[in-house]
Amino acid sequence: MSMGLTQSWRWYGPNDIVSLDNIEQTGATGIVHALHHIPTGEVWEISEIEKRKKAIEWNSEINSRRNLKWIVVESLNVHEHIRQGKEDRDEWIQKYLQSLENLSEAGIQIVCYNFMPLLDWTRTDLKFRLDNGALALRYDASALAAFDLFILEREGADSEYSESMKNKGKSFFEALSVAQRDELTHTVLQGLPGTGKVLTLHEFKKRLTEYADINREHLKANLRYFLQSVIPHAEEYGVRMCCHPDDPPFPLFGMPRIVSTSEDIEFLVNCVDSPSNGITFCSGSLAPNSDNHLPEIIEKLGGKIHFVHLRNIQREENGSFHESDHLDGSVDMHELMTKLVMESEKRKAEERSDWSIPYRPDHGHQLLDDLTKEIPFHGYSAIGRMKGLAELRGLELGIRKTLGI
Ligand code: DNO
């Protein structure tokens with residue numbers, strides 16, 4: 001397998017219940033990590049980066065190097081003032097560049113980020129029970145409509161839903177107890193990974209108004225501005241930036257989302273033509289939109305993929321979906337893995353040094369012993385991800401053997 005893709009694992013840091021010792025046992029060698037304690041936008045000082053890198057790569061208990069390397073930053077988050085194109089955005093961009101330069105000095109060359117307004121990933125249920133008793137993350141369009149229309153009571157929301165969706169949202173809302181309404185609110189507003197921060201309803205309402213005048217075109221222009229300011233420097237530092245697609249891939253709460261489709265991704269990579277301007281290919285984020293043809297995206301934009309999240313989802317009615325087993329669901333994982341293996345081989349033939357594309361099992365079900373634990377980072381339990389990684393690793397090996405490579 002040494003000639004394959006790089007198997008990696010997201011580690012949230014000292015508060016993660018999955019330790020580095022545990023991760024070594026999964027067989028993953030790449031660590032995906034961020035300095036979550038630094039507020040979004042502030043500089044990641046070289047000393048902080050080096051300290052963490054050492055904590056990851058060096059086992060001080062036995063004074064020996066671990067078989068782990070911090071290879072991807074996920075994420076170096078983009079400050080809201082950059083997304084919103086506020087007057088002081090250049091100052092935030094300067095700080096961003098400083099962090100990139102420091103990361104490159106520490107030898108970390110892949111940096112993931114996203115351009116989703118306010119909230120990162122959004123789900124309505126973090127403990128959806130599957131038939132086998134395991135728990136999964138789910139997005140239920142009726143629950144989201146219920147929250148938006150009847151809990152948040154967002155101005156203008158009424159005109160954005162079809163009559164039938166409004167009715168579904170209403171029935172959903174009416175069936176909820178007060179505790180369930182609170183739970184739904186808490187679930188929707190916690191898409192801020194790693195920070196442990198959950199916005200309150202009041203904060204969220206207030207922050208939504210910041211987007212009142214920002215339409216799709218406006219947000220796209222702000223993305224272009226960000227890329228034009230950052231990418232030439234990233235290239236100079238040897239850092240490959242990779243934008244994570246919107247999860248889910250459609251607008252939420254009246255705010256635009258602009259990295260949701262194949263066309264959106266093309267817009268992004270065309271903003272600046274550089275090996276440093278790439279994408280994170282996230283199967284589970286793109287797949288809820290059935291118009292997104294995932295294998296085609298890899299074929300078309302494969303050279304721009306610097307990092308991969310592999311996860312499956314099962315599409316349900318009306319845009320709802322839940323996270324299914326890695327090899328089972330709406331995504332044909334065998335086809336995707338084949339395309340990724342081919343892309344990697346192509347890079348080898350072109351003598352690109354980045355042929356061993358890092359991928360990680362993105363999310364996993366909560367199952368077996370993990371069911372008895374409190375999982376601090378939803379989707380990031382050990383056993384479910386281990387199962388995913390084991391399946392994906394086997395899939396890659398099988399494909400390579402079949403193709404004779
Ligand atoms: C969710 C993750 C996302 C992702 C960011 C990347 O589990 O896939 O939170 O890390 O959107 O910037």
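**Disulfides.** I looked for disulfides (cysteine sulfur pairs within 2.5 Å) and found 0 in the structure. The model is predicted, so I took local features only at pLDDT of at least 70 and side-chain atom pairs only at pLDDT 80 or more, while totals for chains, interfaces and linings use all residues. Residues are numbered from 1 along each chain as its sequence is written, and side-chain values use heavy atoms, without hydrogens and water.

**Barrel.** I traced a closed barrel of 8 strands with parallel pairing, in the order β1-β2-β5-β6-β9-β10-β11-β14. Strands are DSSP runs of E, at least two residues, and helices are runs of H or I, at least four, numbered from the N terminus; a pair of strands needs at least two DSSP bridges. Neighbouring strands of this sheet are turned by 30° against each other on average, direction ignored.

**One pair.** I followed β2 (residues 30-33) and β5 (residues 69-74), which pair in the parallel sense over 4 bridges. His-33 stands opposite Val-73 in β5.

**Helices on the sheet.** I recorded α4 (residues 89-105) packing on the sheet and touching β5, β6 (110-114) and β9 (240-244), with contact meaning heavy atoms within 4.5 Å. The direction of α4 makes about 150° with that of β6; axes are lines fitted to C-alpha atoms, for helices over the stretch in contact, and angles run from 0 to 180 degrees between N-to-C directions. Helix α9 (residues 216-237) touches β6, β9 and β10 (277-282), and its direction makes about 145° with that of β9.
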